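Please work through each task with the structure at hand before reading its solution.

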Amino acid sequence: MADNKVSYLNKTFSDYKDSLFNFAKTYFPNTYNDFSDANPGAMFIEMSSYMGDVTSFYTDTQIQETFLLYAKEKENLLALSYALGYRPKVSYAANVVIDAYQLIPSSGSVSVPNPQYALIIPENTVLTSASTGTKFLTTDKVDFTDTTDTEITYVDASFFLLKKSVKAISAEIKSITLPFSTPQKFQVANISDSNILQILDATDASSNKWYEVPYLAQSTILNTAINPTSGSDGVPYLVNYSRVPRRYVSRFLSDNTLQLEFGAGIANASDSTILPSPDNIGLGLVPGISTLTNNYNKASVFFTQEYGLAPSSNITVRYLVGGGITSNVPSNDLTTIDKTTATFPSGVTGGLADQIKASIASTNPLPATGGRNGDEIEEMRNNTLYAYQSQLRAVTREDYIVRALSLPADYGSIAKVYVTQDVAQELIPTSTVATTEMRNPLSLDMYILAFDDSKKLVTANTTLKQNLATYINQYRMVTDAVNIKDAFYINIGVNFDIKVQSGYNNNDVITSCIVALKNYFNIDNWTINQPIILSDIANILSGSNIKGVQSLIKLEIVNKQGGNYSLYGYDISGATRQGNVYPSLDPSIFEVRYPDIDILGRVVSS
């Protein structure tokens with residue numbers, strides 16, 4: 001009889017209906033025995049089956065929505081993403097390189113540009129698309145007073161044309177004031193706008209700055225300080241840690257609204273930290289109860305305002321909006337630039353200064369790319385899975401390389417990185433043997449090189465190494481030791497002889513060969529410990545790739561040392577094995593330092 005009772009495992013309408021019919025037949029055979037569809041009793045059984053089916057469906061759905069792999073509702077996926085360490089995006093900005101121009105008068109009777117009329121166009125200068133009206137912002141200032149990387153073209157006896165390139169993103173700056181008065185714990189405020197990219201800054205009525213953190217329990221941030229020795233070491237800023245009581249977190253809601261949540265502290269008091277000690281760990285627990293197995297965390301140790309201060313006055317937030325698929329504008333479309341923000345550092349004024357300022361122009365030689373709409377459901381799911389696995393920690397060799405290369409340029413220019421396990425031997429005393437050699441299995445060697453102002457490889461200075469160490473430390477596993485060391489750069493030249501097919505101009509063919517080798521040896525394409533494969537160079541110089549080349553007669557790699565080249569010489573011949581030129585055992589990289597003079601080609605008859 002017990003087997004005929006209603007099963008709690010029923011899920012569908014038919015399961016419930018059959019089970020209820022069997023239940024009625026078993027326990028009420030005389031009371032209810034008409035099971036035809038026309039009987040009113042069957043209607044009530046079917047209604048109960050319907051309710052059971054619906055209830056089962058919603059129960060299953062709610063359980064499904066708690067798991068990242070099966071959740072389908074955007075609101076639930078957003079919550080799971082933030083909990084597992086991924087910050088979803090509602091829009092992606094397009095990127096583009098802008099060419100900025102200005103006219104500059106010649107200096108008196110001397111045919112050179114007059115530096116007094118060199119302009120500075122600040123960062124965040126607005127450019128507008130001619131076809132769509134999309135707004136772009138420059139990410140760095142355009143400093144025409146600095147002649148580095150400036151292309152100067154002679155116009156006439158009175159003027160020269162200056163050209164510089166700068167990166168820009170599809171975004172515009174907006175501002176909103178969030179109302180706050182009486183401090184309350186964990187207050188929230190919403191910014192309702194479309195295509196929000198990120199928050200730039202937040203300040204209150206007293207000009208206090210509020211800092212965005214990943215979670216409110218994080219009381220320190222990486223901070224930027226002006227480097228007093230930037231003139232000598234080329235690093236504009238120093239990176240260090242700062243403790244910030246005024247902080248907030250942000251998260252997107254399902255309708256793409258950006259919500260800001262603030263701390264729980266009292267606005268007129270400053271945070272204070274209690275260091276863990278036997279006197280304050282476990283405060284509030286019942287005395288005499290064993291605490292050997294308690295799961296302590298930071299919140300149970302620090303009974304202070306560790307979640308930051310609560311705002312007590314209005315906060316003004318500046319943020320970026322933009323991006324989207326429509327921000328991928330075509331080439332030569334960003335021709336409207338805001339000229340009002342440009343300034344003359346020399347302070348010149350008057351009609352000529354106004355004329356020079358009016359001459360500012362811009363264009364984008366290549367189309368803007370990278371703009372698209374925000375994360376779709378499956379993108380959010382997969383990105384969250386990746387974020388949860390990595391948790392922003394540097395675990396693998398590739399993690400450390402990416403982290404080092406992602407150091408912002410303001411803290412120094414990391415050009416090349418190579419990571420390997422520490423091979424240094426250290427002497428360890430033991431009780432039985434005087435000394436023994438042993439390698440630290442948890443120590444990594446990170447070899448780095450930097451760029452100078454002309455994008456030539458140089459040895460990283462001490463300030464850059466210190467900034468890199470501070471930056472990496474927040475991602476480093478506590479058991480890892482990272483030794484930052486100097487890699488070596490080996491300067492080389494390329495000499496080649498070719499035979500040209502009849503009917504082709506020798507100069508044109510040689511020029512094409514040199515251009516192809518310049519592209520091949522572009523330093524962006526080379527990594528530390530990468531060998532030179534001579535067969536690849538021979539293939540580049542073949543007739544199948546460069547028209548007019550009949551055959552490659554000679555190919556020679558030579559070492560360049562001393563003066564403006566590397567201090568270190570290298571035996572190219574001794575390092576050549578089976579058609580490959582290998583770098584040294586010490587991590588090193590090959591560099592054609594001056595392609596215009598280090599790549600030489602000749603046309604020979606045989």
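**Exercise 1.** Determine at what angle helix H3 and helix H7 pack, and how far apart their axes are.

*Solution.* Step 1: H3 (residues 74-83) and H7 (residues 377-390) pack at about 20°, and their axes are 10 Å apart. Helices are DSSP runs (H or I, at least four residues) numbered from the N terminus; axes are lines fitted to C-alpha atoms over the stretch in contact, with angles from 0 to 180 degrees between N-to-C directions.
Step 1: H3 is therefore roughly parallel to H7 (angles under 35 degrees; over 145 is roughly antiparallel, 65 to 115 roughly perpendicular, the rest oblique).
Step 2: The crossing of H3 past H7 is left-handed (near helix turned anticlockwise from the far one by less than a right angle; clockwise is right-handed).
Step 3: H3 contributes Lys-74, Leu-77, Leu-78, Leu-80 and Ser-81 to the contact, and H7 contributes Ile-377, Met-380, Arg-381 and Thr-384 (heavy atoms within 4.5 Å).
Step 4: These contact residues comprise five nonpolar, two polar and two charged (Ala, Val, Leu, Ile, Met, Phe, Trp, Tyr, Cys and Pro are nonpolar; Asp, Glu, Lys and Arg charged; the others, Gly among them, polar).

The model is predicted: local features need pLDDT of at least 70, side-chain atom pairs count only at pLDDT 80 or more, and totals for chains, interfaces and linings use all residues. Residues are numbered from 1 along each chain as its sequence is written, and side-chain values use heavy atoms, leaving out hydrogens and water.

**Exercise 2.** Describe how H1 and H2 pack.

*Solution.* Step 1: Between H1 (residues 13-27) and H2 (residues 40-64) the angle is about 135°, with the axes 8 Å apart.
Step 1: H1 is therefore oblique to H2, and their crossing is right-handed.
Step 2: On H1 the contact residues include Phe-13, Tyr-16 and Phe-21, and on H2 they include Ile-45, Tyr-50 and Asp-53.
Step 3: Seven nonpolar, four polar and three charged residues make up this contact.

**Exercise 3.** State how many cavities of 30 Å³ or more the whole structure holds, and characterise the lining of the largest cavity.

*Solution.* Step 1: The search finds one (on a 1 Å grid over the protein atoms alone, a set of points where a 1.4 Å probe fits but cannot get out; lining residues have an atom within 4 Å of a point).
Step 1: The largest cavity holds about 30 Å³, a volume being the space filled by probe spheres set on the points, which are joined across faces, edges and corners.
Step 2: Its lining includes Ile-98, Thr-125, Val-166 and Ile-337.
Step 3: Seven lining residues are nonpolar, two polar and none charged.

Note on methods. Helix = DSSP H or I, 4+ residues; strand = E, 2+ residues; numbered from the N terminus. 1 Å grid on protein atoms, 1.4 Å probe; cavity = no way out; pocket = protein on both sides within 12 Å on 5 of 7 lines; lining within 4 Å.
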